[in-house]
Amino acid sequence: MSINTKIVDDFINNGVDFITTVPCKQLAGVIDEVEARDEIYHIPSNKEDEGIGLCAGAFMGGKRPAIIMQNTAIGVTVNTLVTLTQFYRMPLPMLISYRGELREPVACQVEMAVHTKALLNQLHIPTYHFHKESDAEELDAILKYTFMCNKPVAILTDASFWGGYGDQ
Amino acid sequence: MIRSEILREIAPILRDQLVICNIGLPSQELHMIDDQPTNFYMLGTMGLSSSIGLGVALAQDKTVISIDGDGSVLTNFGTLPTIANNVADNYILLIIDNGSYGSTGDQPTYAGQNTSLSAVAKACGCENVIECQAEDTAKVLQDAIDSKKMTVIVSKCESGNIKVPVITKDPVVIRDRFMAAVQS
């Protein structure tokens with residue numbers, strides 16, 4: 001089974017049926033898999049804070065939402081995470097590509113990478129870091145934890161987890 | 001007419017619907033005029049009323065009305081293509097366009113100058129876009145509900161505010177009673 005299939009299977013097995021995405025090269029395969037599954041309503045967002053708003057609405061309407069985005073989005077969504085998701089106590093699994101880590105070819109990505117965990121820590125967002133493919137075995141438990149505690153939870157997935165950047 | 005007068009006029013229509021209400025004075029005014037468990041008041045997060053409302057509409061079948069402002073739509077312009085490409089016929093976006101940032105001291109917005117939000121919504125692909133004068137908002141809103149077609153309404157009104165108390169309800173209470181109303 002591909003890692004993309006495993007990740008989306010875990011979402012579906014945890015009742016996640018509404019996923020918004022903002023693309024990243026590393027996330028292309030998992031986004032394709034989300035789009036391909038009938039169990040999930042896939043709604044691409046133009047910006048990540050818009051996506052978190054969609055997820056908040058979907059949750060209140062009875063769905064189990066998730067967002068898939070790059071770590072640069074943490075810089076975009078601080079206010080939304082704090083004043084919407086956390087203030088109203090809503091669950092939100094965030095599958096995040098952790099750009100700017102080892103094997104990163106684009107220097108500018110590192111500038112946000114060095115702030116990513118510090119920001120998540122400052123926001124008191126439970127954060128998990130997938131570095132090896134076997135780390136994804138925890139995804140099922142992380143999703144259960146997220147919907148148990150009604151918090152946003154970050155899952156950072158770095159280049160090593162995704163197998164590098166190919167021929168980039 | 002100013003925004004609070006529109007809200008007072010449409011309150012009997014809103015009463016039976018799920019409503020996502022914009023941050024600041026719009027929520028405070030609606031809360032004072034006719035607080036209902038079917039109202040979700042935004043206490044923060046400027047710009048996301050339309051996104052939250054679309055999410056609720058896509059998740060279930062009841063009619064959802066997002067009450068937004070011109071300034072808030074300008075701050076989240078990406079919402080309009082998302083609405084246009086994810087059609088929910090139980091969704092109405094009501095933009096009360098007073099051409100100003102009302103909650104922050106009535107600074108002018110570009111929507112009150114050269115930018116037409118109804119033209120932008122149409123250009124983004126929204127099929128049913130109606131621009132109306134404040135006085136006609138109640139009729140246009142009721143027609144949109146009855147049409148069962150996703151509709152964007154731009155209600156042009158005058159700038160101005162009334163004195164209203166802030167909302168002191170706990171956000172989790174607002175969210176919980178709204179979710180119970182969705183399920184009822």
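Student: Which residues does Glu29(B) touch, not counting residues up to four places away in sequence?

Tutor: This is a predicted model, in which local features need pLDDT of at least 70, side-chain atom pairs count only at pLDDT 80 or more, and totals for chains, interfaces and linings use all residues. Residues are numbered from 1 along each chain as its sequence is written, while chains are lettered from A and ligands numbered from 1 in the order in which they are written. Two residues are in contact if their C-beta atoms, placed from the backbone, lie within 7 Å. With residues up to four places away in sequence left out, Glu29(B) touches Arg3(B), Ser4(B), Leu7(B), Ile162(B) and Val164(B).

Student: Is Glu29(B) buried or exposed?

Tutor: Glu29(B) lies in helix α2 (residues 25–34) of chain B; helices (H or I, at least four residues) and strands (E, at least two) are DSSP runs, numbered from the N terminus. A residue is buried if 20 or more other C-beta atoms, placed from the backbone, lie within 10 Å of its own, exposed if 12 or fewer, and partly exposed in between. Because 24 other C-beta atoms lie within 10 Å of Glu29(B), this residue is buried.

Student: Which residues have the most contacts inside the largest nonpolar core?

Tutor: A nonpolar core is a set of buried Ala, Val, Leu, Ile, Met, Phe, Trp, Tyr and Cys residues joined through C-beta atoms within 7 Å. The largest such core has 96 residues, and those with the most contacts inside it are Ile68(A), Met94(A), Leu94(B) and Ile153(B).

Student: Which helix gives the largest share of this core?

Tutor: The largest share amounts to seven residues. They come from chain A, from residues 48–60, which form helix α3.

Student: How many residues of strand β4 (residues 91–97) of chain B are buried?

Tutor: The side chains of β4(B) point two ways: Tyr91(B), Leu93(B), Ile95(B) and Asp97(B) one way, and Ile92(B), Leu94(B) and Ile96(B) the other, all of them buried. In general, side chains alternate between the two faces of the sheet in a regular strand. The strand is therefore largely enclosed by the rest of the structure, its buried residues numbering seven of the seven.

Student: Which helix of chain B gives the most to the side that touches chain A?

Tutor: In the contact between the chains, 26 residues of chain B meet 25 residues of chain A. On the chain B side, α3 (49–59), α5 (79–85) and α8 (171–183) each supply at least two residues. With eight residues, the helix that gives the most is α3(B).

Student: Which are the edge strands of the open sheet of chain A?

Tutor: Six strands of chain A form this sheet with parallel pairing, in the order β2-β1-β3-β4-β6-β5. An edge strand pairs on one side only, and this applies to β2 (41–44) and β5 (127–130).

Student: At what angle do helix α4 (residues 73–86) and helix α5 (residues 107–122) of chain A pack?

Tutor: Axes are lines fitted to C-alpha atoms, for helices over the stretch in contact, and angles run from 0 to 180 degrees between N-to-C directions. The axes of α4(A) and α5(A) are 10 Å apart, and the angle of packing is about 30°. Angles under 35 degrees count as roughly parallel, over 145 as roughly antiparallel, 65 to 115 as roughly perpendicular and the rest as oblique, which makes α4(A) and α5(A) roughly parallel.

Student: Where is Thr45(B), which has a positive phi?

Tutor: Most residues other than glycine have a negative phi. Thr45(B), although not a glycine, has a phi of about 65°. Thr45(B) counts as buried because it has 26 C-beta neighbours inside 10 Å. Its place is the loop between β2 (39–41) and α3 of chain B.

Key:
Pairing = 2+ DSSP bridges.
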